[in-house]
Amino acid sequence: MTEQLRALLHDAAAAVPDYADADRALRAGRRALRRRAVSTAIAAAVVVVIAVGAASALRSDPRGGTDEAGPVAPGGEPVYPAVLAPPERAAVLPASRVGSAALVYAPCARDCDPFLVLDSGRQYRLPRLGSGTPTAGYTLSPDGRWLGWPTESGLRIRDLDGRGTRDIADDGPGRTSAWAWSADSRWILAVRHTDGLAHHATAIDVTTGARHRADVSGYPVGVRIDGRLVAWVGDLASAAEPAAALDTVDLSTGASERTALDLGPALRTGEIATGEELQPVPGGSLAMLPVQAATPTDILGPASAVLVVDLDTGRVVRRVDLPPSDRSQNTQHWEPRSYEAGGITLVHWTLERTEIVQLDPDTGATVVHSTLPRDSQVLLRGTRR
Amino acid sequence: MDGDEGFRDFVATYGAALSRSAFLLTGDHQLAEDLLQTALARTAMHWRRVAAGNPEAYVRRVMINQRTSWWRRRRYLRETPVDAEPLGALAANRSAASPDPADAVVRQLIVTAALAQLPPRQRAVIVLRFLDDLSEAATARAMGCSVGTVKAQAHAALARLRTLAPTLLADGREHRPRPADSPAGGGT
């Protein structure tokens with residue numbers, strides 16, 4: 001029957017005209033970007049008014065200050081300002097030492113500049129790297145010391161606690177971009193990909209400049225504190241088909257070790273896990289694996305939980321359920337971004353604002369660390385987005 | 001928007017195939033055009049990122065999500081469910097041996113009407129698997145679900161289609177005119 005159906009479908013579609021109009025799509029895309037920018041600007045203006053009030057109230061709070069505090073040395077937990085909005089006049093990032101950073105954010109989804117927020121509370125304007133999400137392209141190490149961005153010829157990593165830089169040059173066609181950091185911020189994994197299948201990986205020790213390169217199969221998702229690459233093998237994992245594996249690859253020798261993941265008991269019916277969002281957990285031997293819920297009508301559901309996976313054994317150490325997102329009206333949803341010493345850091349999107357929230361994995365209690373304008377884009381330490 | 005030329009090249013290459021998918025996902029030329037253009041506009045917005053991966057798969061995924069979203073909101077849908085009985089009658093009245101050119105039109109009507117009675121995910125599975133010839137794994141990726149779900153949806157969809165259009169799809173009873181069967185086919 002399937003061959004008959006295939007032939008019938010091809011027959012039925014044979015006379016379909018070509019509806020595709022690239023220029024119309026480009027115009028529509030630009031209009032959508034402009035509309036979003038205008039609505040975000042209005043929302044941002046409202047938040048700025050609120051922020052000014054809040055800043056006055058927080059004047060005695062060191063996190064509310066922006067200019068008086070000196071550079072903060074890397075190593076501690078990120079300090080998130082209670083309210084984040086672009087300062088009236090923000091300097092561009094100077095070449096001198098500025099101290100560790102907590103995050104990069106942009107107060108809109110498109111068409112606005114991103115800002116680097118230091119642990120001291122000071123903000124610096126960053127250049128936009130393309131026409132996409134304003135924070136796209138930047139990367140921040142888990143300790144907040146290193147800021148990376150793509151250049152014309154590769155990737156540059158800058159030491160915010162000094163003046164040094166590391167450059168990773170493109171060594172072939174395609175763009176080199178930052179994919180992951182080791183939990184101790186020593187290694188960054190940069191990947192040049194050309195066709196979505198071949199991954200040319202480079203792991204760089206930012207403290208010494210030592211680097212290892214190799215082409216890897218599988219999907220690079222992380223780098224261990226010893227510089228070995230972690231790649232996700234397979235496709236989607238679900239409760240019905242939980243088979244997945246991680247390859248740990250020594251880029252200097254090419255030696256690879258496969259660890260089967262035992263996700264089945266931790267996934268619920270309809271949940272899906274992919275390795276693309278794997279995030280290291282402090283210490284380096286564990287990683288956080290977000291889980292998405294899918295329903296018959298909700299093709300790409302929001303994150304419903306995170307699994308903490310032992311990278312050496314493949315065992316799921318714990319499952320942490322996330323606060324529920326609104327799946328029917330999409331008025332609010334949660335995204336797990338990183339696993340810090342204090343808990344799981346989430347970004348909470350609502351129709352009114354964006355929030356950086358920490359979830360206590362033991363109690364399920366949440367604390368709002370920072371409030372940003374609606375549609376803000378947030379890049380936290382050590383995360384891929 | 002960077003990469004406009006790259007986007008235009010992509011649309012020129014894949015536009016026709018994506019149009020066919022859009023038509024069978026909606027069963028309506030106007031809806032299909034809206035669906036594809038909406039997906040292309042979203043793709044254009046994210047082109048720099050999308051171009052680094054698999055743009056064709058991205059557009060298909062956006063179309064399926066959008067189609068499902070329309071289905072959920074209903075108000076956008078103009079297609080009317082076709083009663084099973086008239087559809088069956090239409091199929092039964094079709095002369096299998098007839099070389100009448102109208103036969104192809106009838107077949108197309110039956111197929112699109114039968115597809116219209118499938119829930120969106122079953123319909124998407126049928127289009128991705130049997131029109132776009134994607135593997136089960138690629139279909140699962142396009143739909144954001146597991147391979148097992150694809151298999152289950154395909155099984156249910158085929159069973160439903162077999163009920164809706166038995167004369168077209170029942171094993172051993174289907175007849176499609178081949179070139180040699182037609183008057184211009186050169187048969188002896």
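How many helices and strands does the secondary structure of chain B come to? The count is 10 helices and 0 strands. This is a predicted model.

**Chain B overall**

- Along the sequence, chain B reads α-α-α-α-α-α-α-α-α-α.
- Chain B has 188 residues, and 46% of them are buried.
- Take the contacts in chain B with a separation of 6 or more: 63% of them join residues 24 or more positions apart.

**Helices H7 and H9 of chain B**

- Helix H7 of chain B spans residues 120-131, and helix H9 of chain B spans residues 147-164.
- The two helices pack with their axes 8 Å apart, at an angle of about 95°.
- Angles of 65 to 115 degrees count as roughly perpendicular, so H7(B) and H9(B) are roughly perpendicular to each other.
- H7(B) makes the contact through B:Arg121, B:Gln122, B:Val125, B:Ile126, B:Arg129 and B:Phe130.
- H9(B) contributes B:Thr149, B:Val150, B:Gln153, B:Ala154, B:Ala156, B:Ala157, B:Leu158 and B:Leu161.
- An α-helix has 3.6 residues a turn, so residues three or four places apart point the same way.
- By class, the contact of H7(B) with H9(B) has 9 nonpolar, 3 polar and 2 charged residues.

**Between H7 and H8, and on to the end of H8**

- B:Asp133 sits in the loop between H7 and H8 of chain B.
- Its phi is positive, near 55°, and B:Asp133 is a residue other than glycine.
- Most residues other than glycine have a negative phi.
- B:Asp133 has a relative accessible area of 46%, so it counts as partly exposed.
- Helix H8 of chain B covers residues 136-143.
- Buried residues in H8(B) are B:Ala138, B:Thr139, B:Ala140, B:Ala142 and B:Met143.
- B:Gly144 follows H8(B) and has a positive phi, near 70°.

**The largest cavity**

- The structure holds 5 cavities of 30 Å³ or more.
- The largest cavity has a volume of about 100 Å³.
- It is lined by 15 residues, and the closest to its centre are A:Trp181, A:Gly222, A:Val223, A:Pro280 and A:Leu311.
- Three strands of chain A each supply at least two lining residues: S8 (175-181), S12 (219-223) and S18 (279-280).
- S12(A) gives the most to this lining, with 3 residues.
- The lining of the largest cavity divides into 10 nonpolar, 4 polar and 1 charged residues.

- A:Gln279 lies in strand S18 of chain A.
- Is A:Gln279 buried or exposed? Its relative accessible area is 5%, so A:Gln279 is buried.
- Neighbours within four places in sequence aside, A:Gln279 is in contact with A:Ala287, A:Met288, A:Arg337, A:Gly382, A:Thr383 and A:Arg384.

**A positive phi in chain A**

- A:Asp375 is not a glycine, yet it has a positive phi of about 70°.
- A:Asp375 is found in the loop between strand S25 (366-373) and strand S26 (377-380) of chain A.
- A:Asp375 has 22% relative accessibility, so it counts as partly exposed.

How values were computed: Residues numbered from 1 in each chain as written. Chains lettered and ligands numbered in written order. Predicted model: local features only at pLDDT ≥ 70, side-chain atom pairs only at ≥ 80, totals over all residues. Heavy atoms only, no water. 1 Å grid on protein atoms, 1.4 Å probe; cavity = no way out; pocket = protein on both sides within 12 Å on 5 of 7 lines; lining within 4 Å. Points joined across faces, edges and corners; volume = space filled by probe spheres on them. Helix = DSSP H or I, 4+ residues; strand = E, 2+ residues; numbered from the N terminus. Nonpolar A, V, L, I, M, F, W, Y, C, P; charged D, E, K, R; others polar. Buried < 20%, exposed > 50% of the residue type's maximum accessible area, 1.4 Å probe, protein only. Contact = heavy atoms within 4.5 Å. Axes fitted to C-alpha atoms, helices over the stretch in contact; angles between N-to-C directions. Parallel < 35°, antiparallel > 145°, perpendicular 65-115°, else oblique.
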